[in-house]
Amino acid sequence: VGTFPEKTLEDFYKLSIWGQIWFKIVIMVSTSIIVVLPLNLLKDVTKLRFTSIFGIFCLLLVSIIIIFQLPNYIDYYWEHTYNRYDKETWVNWYDISTAFTSKLYFFKGSATLFYAYNCHMGLFPVYEKLRLSSEKRVNKVITRSILMDAFFYIIVGLTGYLTQPYKTPNFIIEREKIGNDIVMTIGRLLIVFLIVFKIPANYNALRISIFELFFGTHEIDNKR
């Protein structure tokens, strides 16, 4: 009886319609027209509050996935990759010189941190819609939001790096797979949803600020 090579999820992706460039373009254009565009045209930004909650939920699930898979990845790399006599695979945990080489890893990491906190321009439109918009209450919300974001980013950064310290990917969801990592595939989908809903939140705040600056109002009419 003949044997067939084992088909992995990656093989299925490359050989199926999901891996074709034209199909990706159709998905991106359809998502932009059906989801992103209507959300970008909202007059009231408070209606996007549920998308923010959904984004936090997605980030939480991705963090849980990385944390629970951390022991398996550490065991795998210590057994198959790390070799203290091989300079390419051995990780020196105390050497930070590689962050300041010609590849500019330090600045790439700093840019990621700055990008993570680029949503603050949406504060003032939301502040305007609050019923109880006292300074004390708003400061509490800002403090808790920043602390919560910092907690998630630190957890994902540390656990993500520990899962693959050798040849660490730019995005942890692109890390090397150990078998058919269906759970992380779900995590990738969650990140996609998070980014899709993040676009309208940033765009609406930008649109309101521009309209207020040039037209004195943020309402959308037939001329704008």
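A surface patch gathers residues with over 30% relative accessible area and no salt bridge, where like charges are joined within 9 Å and nonpolar side chains (Val, Leu, Ile, Met, Phe, Trp, Tyr) are joined within 5 Å. A salt bridge, in turn, is a side-chain nitrogen of Lys or Arg within 4 Å of a carboxyl oxygen of Asp or Glu. The model shown is predicted, so that local features need pLDDT of at least 70 and side-chain atom pairs count only at pLDDT 80 or more, whereas totals for chains, interfaces and linings use all residues. Residues are numbered from 1 along each chain as its sequence is written, and side-chain values rest on heavy atoms, with hydrogens and water left out.

**View 1. The chain as a whole, built from helices.** The chain holds 7 helices and 0 strands, in the order α-α-α-α-α-α-α along the sequence; helices (H or I, at least four residues) and strands (E, at least two) are DSSP runs, numbered from the N terminus. Of its 224 residues, 25% count as buried, where buried means under 20% relative accessible area, exposed means over 50%, and partly exposed lies in between (1.4 Å probe, protein chains only). The accessible surface of the chain comes to about 16,700 Å², and carbon and sulfur atoms account for 68% of this surface; accessible areas come from the Shrake-Rupley method with a 1.4 Å probe, and for residues only the protein chains shown count as cover. Among contacts between residues at least 6 apart in sequence, 68% join residues at least 24 apart, a contact being heavy atoms within 4.5 Å.

View 2. Ile17, Trp18, Ile21, Trp22, Ile25, Val26, Met28, Val29, Ile33 and Ile34 make a nonpolar surface patch of about 1,000 Å². One of these residues, Trp22, is found in helix 2, which covers residues 21-40, and Trp22 counts as partly exposed because its relative accessible area is 48%.

**View 3. The largest nonpolar core.** This core has 10 residues in all, namely Cys58, Val62, Ile65, Ile66, Val156, Ile172, Ile173, Met184, Leu190 and Ile191. Helix 3 (49-80) and helix 7 each supply at least two residues of this core, and helix 3 gives the most, with 4 residues. A nonpolar core is here a set of buried Ala, Val, Leu, Ile, Met, Phe, Trp, Tyr and Cys residues joined through side-chain atoms within 4.5 Å. Apart from residues up to four places away in sequence, Met184 touches Ile65, Ile66, Gln69, Ile173 and Arg175.

**View 4. Helix 6 and its residue Thr163.** Helix 6 has 29 residues and reaches 42 Å from its first C-alpha to its last, close to the 42 Å expected at 1.5 Å a residue; the expected span is 1.5 Å times one less than the number of residues. Its buried residues are Val138, Asp149, Phe152, Val156, Thr159, Gly160 and Thr163. Thr163 counts as buried because its relative accessibility is 0%, and, leaving aside neighbours within four places in sequence, Thr163 is in contact with Ile66, Leu70, Tyr73, Tyr77, Ile172 and Arg175.

**View 5. Ser63 and its contacts.** Ser63 lies in helix 3 and counts as buried because its relative accessibility is 3%. When residues up to four places away in sequence are not counted, Ser63 touches Phe152 and Val156.

View 6. Val35 belongs to helix 2 and counts as partly exposed because its relative accessibility is 28%. Although Val35 and Pro200 are 165 residues apart in sequence, their C-alpha atoms are 9.4 Å apart in space. Val35 also touches Ser30, Val196 and Phe197, not counting residues up to four places away in sequence.

View 7. Tyr105 is placed in helix 4, residues 105-116, and counts as partly exposed because its relative accessible area is 42%. Leaving aside neighbours within four places in sequence, Tyr105 is in contact with Thr98 and Ala99. Asn170 sits in the loop between helix 6 (135-163) and helix 7 (182-215), and Asn170 counts as exposed because its relative accessible area is 73%. Tyr105 and Asn170 are 65 residues apart along the chain, with 10.0 Å between their C-alpha atoms, while Asn170 and Thr112, 58 residues apart in sequence, are 9.7 Å apart from C-alpha to C-alpha.
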